[in-house]
Amino acid sequence: MKYCPSQVKYLVAIKELSDIDDNVKSVGIARHLGVSRPCVSKTLRCLANAGLVYEDFGNSVVLTPEGSEAVGEIFESFNEVYTFFHNFLKLPHEEAHKQTLTFVTTFPQDTSRRLKKLVKRTVNKKS
């Protein structure tokens with residue numbers, strides 16, 4: 001399934017924040033992404049309309065099963081792309097994370113999958 005760059009960024013943020021605390025708040029997403037709270041509300045409404053988060057996100061943002069599946073698709077290549085930027089190109093964590101988000105939201109999923117395979121082969125050769 002294809003998601004717009006904004007949806008991917010928000011889904012990644014929700015996933016990362018929920019790994020730290022199950023109670024993901026809009027204000028936490030705003031801080032995490034460096035955007036305004038109205039921007040978060042607007043994008044969460046879009047995600048809710050797409051069936052990716054539950055409608056009642058006023059208290060806590062929770063992914064629907066479809067949202068969890070979308071996150072799974074995004075992270076299918078995310079970690080390997082991050083490894084490429086951080087370990088191979090030696091970018092600091094923050095920059096590697098930022099570049100990974102740009103990559104997975106800009107390049108076709110097939111390109112991400114190819115990079116994932118290349119990184120896995122290279123890492124396996126080093127082992």
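Student: What order do the elements run in, from the N terminus on?

Tutor: From the N terminus, the protein runs α-α-α-α-α-α. This is a predicted model. The secondary structure comes to 6 helices and 0 strands.

Student: What about surface and burial? What share of the residues is buried?

Tutor: Buried residues make up 38% of the 127. The protein exposes about 7,600 Å². Carbon and sulfur atoms supply 55% of that area.

Student: How much of the contact count comes from residues 24 or more positions apart?

Tutor: They account for 50% of the contacts with a separation of 6 or more.

Student: Okay, the core. Which residues of the largest nonpolar core touch the most other members?

Tutor: That core has 33 residues. Those touching the most other members are Leu11, Ile14, Ile29, Leu44, Leu47, Val53 and Val61.

Student: Which elements give two or more residues to this core?

Tutor: Helix 1 (5-20), helix 2 (26-33), helix 3 (37-49), helix 4 (65-88), helix 5 (93-106) and helix 6 (109-126). The largest share comes from helix 4, with 8 residues.

Student: Let's zoom in on Ile29. Where is it, and is it buried or exposed?

Tutor: Ile29 is in helix 2. Ile29 counts as buried because its relative accessibility is 0%, and the cut-off is under 20%.

Student: What does Ile29 touch?

Tutor: Leaving out residues up to four places away in sequence, Ile29 touches Tyr10, Ile14, Leu17, Val24, Val40, Leu44 and Val61.

Student: How far apart are Ile29 and Val61?

Tutor: They are 32 residues apart in sequence. Their C-alpha atoms are 9.3 Å apart in space.

Student: And what does Val61 touch?

Tutor: Ile14, Val24, Ser26, Ile29, Leu44 and Val53, again not counting residues up to four places away in sequence.

Student: Switching to Phe78. Where does it lie, and is it buried or exposed?

Tutor: Phe78 lies in helix 4. Phe78 is buried, with a relative accessible area of 3%.

Student: Which residues does Phe78 touch?

Tutor: Beyond four places in sequence, Phe78 touches Val12, Glu16, His97, Thr100, Leu101 and Val104.

Student: How far is Phe78 from Ser112?

Tutor: The C-alpha atoms of Phe78 and Ser112 are 7.9 Å apart. In sequence, the two are 34 residues apart.

Student: Now Thr43. Where is it, and what does it touch?

Tutor: Thr43 lies in helix 3. Thr43 touches Ser6 and Tyr10, not counting residues up to four places away in sequence. At 11% relative accessibility, Thr43 counts as buried.

Student: How far apart are the C-alpha atoms of Thr43 and Lys120?

Tutor: They are separated by 34 Å. Along the chain, Thr43 and Lys120 are 77 residues apart.

Student: Aromatics next. How many aromatic pairs are there?

Tutor: The structure holds 5 aromatic pairs. One of them is Phe84 with Phe85, which is edge-to-face. The centres are 5.4 Å apart, with 70° between the planes.

Student: What kind of pair do Phe103 and Phe107 form?

Tutor: A stacked one: 4.4 Å centre to centre, 20° between the planes. Phe103 is buried, with a relative accessible area of 11%. Phe107 counts as partly exposed, at 40%.

Student: Which residues do the ring pairs link into a cluster?

Tutor: Phe84, Phe85, Phe88, Phe103 and Phe107.

Student: Where does the charged end of Lys15 sit?

Tutor: Over the ring of Phe75, 5.9 Å from the ring centre.

Student: Last one: Lys90. What is its phi?

Tutor: Phi of Lys90 is near 60°, a positive value in a residue other than glycine. Most residues other than glycine have a negative phi.

Student: Where is Lys90 found, and is it buried or exposed?

Tutor: Lys90 is in the loop between helix 4 and helix 5. Lys90 is exposed, with a relative accessible area of 65%.

Terms used:
Residues numbered from 1 in each chain as written. Predicted model: local features only at pLDDT ≥ 70, side-chain atom pairs only at ≥ 80, totals over all residues. Heavy atoms only, no water. Phe/Tyr/Trp six-rings, centres within 6.5 Å; stacked < 30°, edge-to-face > 60°. Buried < 20%, exposed > 50% of the residue type's maximum accessible area, 1.4 Å probe, protein only. Lys NZ or Arg CZ within 6 Å of the ring centre and 35° of its normal. Helix = DSSP H or I, 4+ residues; strand = E, 2+ residues; numbered from the N terminus. Contact = heavy atoms within 4.5 Å. Areas by Shrake-Rupley, 256 points an atom, 1.4 Å probe, with all protein chains shown as cover. Core = buried A, V, L, I, M, F, W, Y, C linked by side-chain atoms within 4.5 Å.
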